[in-house]
Amino acid sequence: MTLLLPYRVDITPGPATADDAPPRYHQLRLTVGEEGQGRAEQPVRCTRIAVRVPAPTSDPRLARQPLAFSTTVPSVRSSAQGQEWWIVPDTTDPAATVFACVPDQPARFDGTWTISFLIELDPGFETTDVEITEETAADNGPVSNRSSRVAATVLAAGAWEGQE
Amino acid sequence: MTDTDLIVPVELHALVANRAVRADKDRFKRWSPMFTMMLNEEFKTSGEPEPYENLQDYWTGTGFEGVHLQWQLPEALTTGHLDHDSGESTFPLVPNRWLVVRYATVRGATTVAGWVVHSDYLSSQRPDANPIWDGSNSYLNPYAATATTDRIGRAHDLATGPWHDPREDDPAPRPLFLTAIGSGLPAFAAFAPYHRNVFLFQDTLQDLRDRQHGDNYPPDAMLSYAVIGWYSDDDADILRQAPEIPDLLPPGADPGNLVDVLEALGWAVPDCASGAIRRTRYAGTALGVDWQREGLVPDSDRPDGTSTKFALGHSTADAGAALVAQQTRSARDGDLIKALFHGELGAMDSADGPIDLDEAMRRSWFSGSEGGSLWRVVNRPAEQDTDEPAPELPQPEWLDRLNDHQAEYDQGMAELARLQWRLWSLWWLRELPEKRRPKPFEFDVAAWNGEITAVGEQISALQATLEELQTAIDEFADRELPETQELKRSPQPSFYRPADPVIVMEGAGTTQPLGRPDDQPLPCRLPSALLTRVRIGGADVTPAPDPPAPDLTGLPELCRPLIAELAMLDRAARTGSALEDIVARPADLTDGPFPEYTRVWRQPWLPMYLQWRIKYCATPFRSGGTGQGGSDNWTFDGDDYHWNGTGVPEGDGEGGVRWTSFAGRSFLTPGLSYVLREQAKRKLAGAPDELLGQLRLLQDDFDELDILSQTLDGFNDWLIQQNGAAQVTTDQRILDLAGQSNHVPDAAGDRREQRFQPVRAGQFYFTELHVIDRFGQALRLVTALDSQPAQLAPVRAASVTPDPEKPLFPGAKTDRFIQLPPRLLQDARIRFEPVHHSDDRPLAAVSSAPDPLGDTPVAGWLLVNHLDQTLLVYAPDGSPLGELRVIRTAAGQREIAWNSLPHARYDEPGDFEGVYPHVAGFASELVGRDADTFGLLMTTIDRALSRIADPAPEEDRTPARLIGRPVAMIRARLGLELLGPPLTDPAWDEALRPSAQEYPDYRWPVRLGAYERLADGLIGYYTSEPGQDTSYRQLHVPVQGRDTAAYASAAADDGPYFSLIGTGAGIAMPARSVDRSLSRYLTLLACPHTAVHATTDLLPVTSLAVDADLTHRALAAIRASFRLNPLLAPVRSEEPTRGSARSEPEPANSGIFMPRPSALHGAWSWAEPLVSGDGPPLWTDLPILPADDLSHPDDPVPAARAGYLQLHPRADGQGETR
């Protein structure tokens, strides 16, 4: 199913490594709701957004290392915006890490606001293709799962921000 | 105004978040509770985010800007009190209404604004869907029967209308619930992001914008704030609650007496005017807050990170001493800090001082837990003190049964705890959402359920057994005993578990004390005695009767005078240095009690958390299994373990080794400076006058020390995959069986995180390290830019410094690594204890076969007789057995021989093998050996005794001292015990069918004795492998230095008689649970007055000592015997008969003539053997008659005699040596 919400994924390579390991995309920024036009008439209710980041495959050494990550959640203003959001990582599948972004209360995206989630991962990931699954509903209907792949934009290393 | 209100000062912190502060992405690490996710069945996370997760984006948008006001509750309201009956902590209710008043001066005009913070507002009570009714923080509904999420806290802007308390409309208001820990979070009242609009108000300053002036943002302003707090229900007031809170009032305090209550709270009331006080109000101010939206980051005490030093060690003193030694470049300064911290300053000047200090410090590397109990029948304490040792009390025959029950109970409790943990783990994992299981993983729900049922049944059965045992134990308490006796339970040696590593930081920018000193109670005020005058710019200012104020309708009457006070102080803050002057000299420039915490505003920096992320690499104690094919990767040098540089598991991380990552967070405390200050205070009590001043100065210095310390909480738990930091709810369905647990298993749903290591050993380094303050301001101490973190090398105590010659992987610089030597992460203890002298039973088990010799572990006594070059041997009760000496055989060989002593009941050692097996074994093994062995044995004893300090030589007044210091042959048992069955791996792949752990079969060397320690009494020991009879073929001696060669050369044909204890590798014991425990029995040759120490590094040093009364009784019975021959002396007597062989000396009319020794120490007699057949010789014991110069023609002809001069201690003790 087509995703109801607009997403933008930016990934920023981490600092260069000392060895010959493949590039590590250390930071992922997921921006949701950045659309602006037309949404106010048909707002989307959202109870969850999940980002699935495949593990690096070209170098199995990276896939076997335990992960260390930092996550940053947006500050929102009201219960309509979800009140608070949380990111819960799922690292149980060595093939991919899933980050579930969950609002404290169902959020109502009406085009007037956006939120961004920041995920930093070590060791990183090497694909620019992530899978997004949302639990959303238009109007007041029941929420349902929708998935799609989203191609990320790779930013220059200088644009790296957040923790470090 | 009547003084029914007590005004308690609160500290008000005001954090200015202007654009520069807000836009700095590295400045804060803020997170908030996530109870919604905790209760979400699909996630079941912890109630608090994991470190470095779910950090708040505060820099996007301007929502974070403004002034964040946090009021710090008084200590008395944040302290929990343990109810000893229920085992639960009670926290007092705290004020739930707070008025925030702001005076703002913008462009020369001062305005006032106010808000009421409705601290215990719950979203579940919201009247409508309007976002103004959104609660501010994730919370658990306190009134719900089952855990239910809610949100707490809101602020009411008084500009929108007066405050109306909803409780006034409620016909049946529910009881208040708000405490300092909120929904069970210890940091609830302390960490700003946890309690927005509860104990914190963010003033966005948006109301100051003036469109006429084109303000897009709040304009520059000088701000002053006051907060005033109260309970919405007077019945909840702390003054009324206090008597109901268990353990808040000290014993003897009168709950009805307000003075006692206030004293317990640590609050001082002016002039004892407490009669009318009925309730409390809380007040604090923040004055002269300089708001400049486009200004620089305000100055604060937050350092830049590069000036902060941090040190690591096994304990606070360990790390603190390392830091001090490094900073002062003086190891002795480090030792002094260590000594002061442990209260061992006096030890610094003693010969054993460094060793004692080291031992005290090593003890602090562990935390102890109860080791079970042992029952004895003892005499009730005598009404009058007496120096006489109490006679040994015969123990009733039922005592063995009682102690058997108790041992079974203690063991059962440990087993129960393990079963309960297993049940809880299985239950917890089963209930986790599927997504938390590893992939792939086949979850066999039937097997899982079956195991849970089976373990539950085992628990029920064990609980029933334990109840029966407890009942049986209780019944023994009713046994009738003579009035002078009582049954007494005494604790068995404690079990120990290593403490988490400790980090100590200097220069983190805080000197906030741990708490108010007891002698400085919080000065409270009364409404009738507020500030009545302040001097501002040379003029006296008095409070206005009607100061500018927000709408105070419905608010406490006290608000207005406190706002008037704020108005005065705000004016001072806006007038040059008036406020600085007032704060510096309140007595001169103000009238009325000066409110505590009144100061000129400064951007706060209030360190609260230490947060870290480390990379850990295991360097296991052993690789390759416990069999022959395996090998230890660590070597014990007698004091410490050293890594051999082997056994690092291969992996895919840095250096090709396996890493795991651990992040944690814990509360920072100024614990080090607090303890040092308190120790200095203790010293004050007994200090001479000339030192008093210096000690006080020292105390003041410690007050100002900018040192924080913290254990890396949860580190050890993390290694055994347990999580004690998770905020979880205990499932009621399992509570009865599994009990309350504050840990959950970390089953490593991500298999890459498996690291179960019940024997901790490894190295780690920090990839991130932050100090985080009450507002979430962060100070980064380590950067993690790539796999080689650029960081300052931490200062490391010697105990955690790895060998630079043995890096974890080739090329690794060891500066950043902290090494953790092997430690059992399961509670364990060394059982090094005396046992019965002949049959090795525990000394507790004495009643089943009473021993006429008494309940003694001393198998025999030895005395080196230098006069005769003999070794005198006595039975446990001091009765004579024989002497060992060197004789020349017919073949001309010089070898050791045995002679029985006067009145000995046995002829040869073999004769008393059944009664005194160990003395017999010792003597038999020596007889026939060469003279060199004898000489070296004598030298060994002699040198050891000259080294061993006798703690109280003046108390040993026995005549045997005339010969020399006695040596006790002590029977002892040595073993390492684990508390309960071995730990098991809770990982998903192991949890259901855990593999057997091999660590209970690892062998741990135990070094007995300490050659360099004066207060260690060991001369040597005999032992054998566990399960075998003690061998006396080899004496193990603690020898060092030049003497070593002598022992090495003293080899005999059948192997050397002497062996050096060295590092203790000769005694290597496994640590096992009681039901599989392995004991080694030893015969120690030791000074009876001085303890023998067992050192393992694995556990605190343990010592064994012999009961002083036993020693005294036996030594008092020893007759000193001096071989004398030939003696040419006549005897005037009748010959004694065989029956008098053991009788006391004959009457004075018969005796031997010779020069009589001094009678100062007792009576002397002459003993000589009579010719006899088989069996022990008969002895004649003659009094000594003084030779005189008279003629005795009737006397027999003097004969050449061989015998012993014997000294008899007097019964009244007056003959004791002094």
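**Setting.** I note that this is a predicted model, in which local features need pLDDT of at least 70, side-chain atom pairs count only at pLDDT 80 or more, and totals for chains, interfaces and linings use all residues. Residues are numbered from 1 along each chain as its sequence is written, while chains are lettered from A and ligands numbered from 1 in the order in which they are written.

Strand E51 (residues 1092–1095) of chain B pairs with E52(B) in the antiparallel sense, over three bridges. In this pair I see His1093(B) opposite Ser1103(B) in E52(B).

**Confidence in chain A.** I checked pLDDT, the predictor's confidence in each residue, from 0 to 100. Chain A averages 83, and 79% of the residues score at least 70. Among the elements of chain A, helix H1 (residues 60–64) has the lowest mean pLDDT (66), and strand E5 (residues 85–90) has the highest (96). Over residues 159–164 of chain A the pLDDT is below 50, and this stretch has 14 contacts in the model beyond near neighbours in sequence. Two residues are in contact if their C-beta atoms, placed from the backbone, lie within 7 Å.

**Chain A against chain B.** I recorded 34 residues from chain A and 40 residues from chain B in the contact. On the side of chain A that touches chain B, the elements giving two or more residues are H1, strand E4 (68–74), E5 and strand E8 (115–125) of chain A. E4(A) gives the largest share of that side, six residues. The residues of that side of chain A divide into 12 nonpolar, 13 polar and nine charged. Ala, Val, Leu, Ile, Met, Phe, Trp, Tyr, Cys and Pro count as nonpolar, Asp, Glu, Lys and Arg as charged, and the others, Gly among them, as polar. I also see E4(A) joined by three bridges to strand E3 (residues 55–57) of chain B, and the two run parallel. Pro74(A) stands opposite Asp57(B) in E3(B).

**Backbone in chain B.** I looked up two cis peptide bonds. The one from Lys439(B) to Pro440(B) has omega near 0°, and Pro440(B) is found in the loop between helix H9 (399–431) and helix H10 (445–476) of chain B. The one from Asn1125(B) to Pro1126(B) has omega near -5°, and Pro1126(B) is found in strand E53 (residues 1120–1129) of chain B. Asp247(B) is not a glycine, although it has a positive phi of about 70°. I place Asp247(B) in the loop between helix H4 (238–241) and helix H5 (258–265) of chain B.

How values were computed: Helices (H or I, at least four residues) and strands (E, at least two) are DSSP runs, numbered from the N terminus. Two strands pair if DSSP finds at least two bridges between them.
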